Each structure stands twice: as structure tokens, then as C-alpha cells.
Amino acid sequence: MAVSYNGLWKLLIDKNMKKVDMMNQVGISSSTVAKMTNGELVSMKVLERICEKLDCDFGDIVHYEKETKDGGQ
């Protein structure tokens, strides 16, 4: 997985929100949240709406994780 949304999940915890609360507030579908939960890519427009509603920046919610090959550093 190259994309991590762990920052978003931590932000939701800090704001005492559940994923469904975010879905309702931001106006995104459960399938979009499922993609994010599985580390799949979502559109920049979705990330922009999340940042706008949660008063945060892209770097607060998404992180690129370099994939490593087996056995090497």
C-alpha cells in the first residue's frame, strides 16, 4: 500500500467523529470511505472537500508510504 489515510483516522478520533459522521458532513459515499480504509486512491476533489469541512491540510490526512521490496532496505 503506497497511500495511507491514517492521519485522517487519527483526526477523526481527535474530533470525536466516526467515519459515518464524516461521510454525512463532507457528503461522500460509503464506497469512497471503503476505498480509503483499504488504502486505495480517491480523487483530489474528495480530499479537498474533507480538508475544507474538517479544517485541515492534505498532509494532515494522507501520507505516501514508500513500498519496500522483500529482503531489502
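**Packing and burial**

Author: In this predicted model, the buried residues of H2 pack against H1, H3 and H4.

Reader: Which residues of H2 are buried?
Author: The buried residues of H2 are Met-22, Met-23 and Val-26. Around the axis they cover an arc of only 100°, so they sit on the same side of H2. Just after H2 comes Gly-27, with a positive phi of about 85°.

Reader: Why is Thr-32 called buried?
Author: Buried means under 20% relative accessible area. Thr-32 has a relative accessible area of 16%, so Thr-32 is buried. Its place is in helix H3, and Thr-32 touches Val-42 and Val-46, not counting residues up to four places away in sequence.

Reader: What makes up the largest nonpolar core?
Author: That core has 21 residues, and Leu-8, Met-22 and Ile-50 have the most contacts inside it. At least two residues of this core come from each of helix H1 (6-14), helix H2 (19-26), helix H3 (30-37) and helix H4 (44-54). With five residues, H4 gives the most to this core.

Reader: Which residues is Ile-50 in contact with, leaving aside its neighbours within four places in sequence?
Author: Contact means heavy atoms within 4.5 Å. With those neighbours left aside, Ile-50 is in contact with Leu-8, Met-22, Val-26, Ile-28, Met-36, Cys-56 and Ile-61.

Note on methods: Residues numbered from 1 in each chain as written. Predicted model: local features only at pLDDT ≥ 70, side-chain atom pairs only at ≥ 80, totals over all residues. Heavy atoms only, no water. Core = buried A, V, L, I, M, F, W, Y, C linked by side-chain atoms within 4.5 Å. Buried < 20%, exposed > 50% of the residue type's maximum accessible area, 1.4 Å probe, protein only. Helix = DSSP H or I, 4+ residues; strand = E, 2+ residues; numbered from the N terminus. Arc of directions from axis to C-beta.
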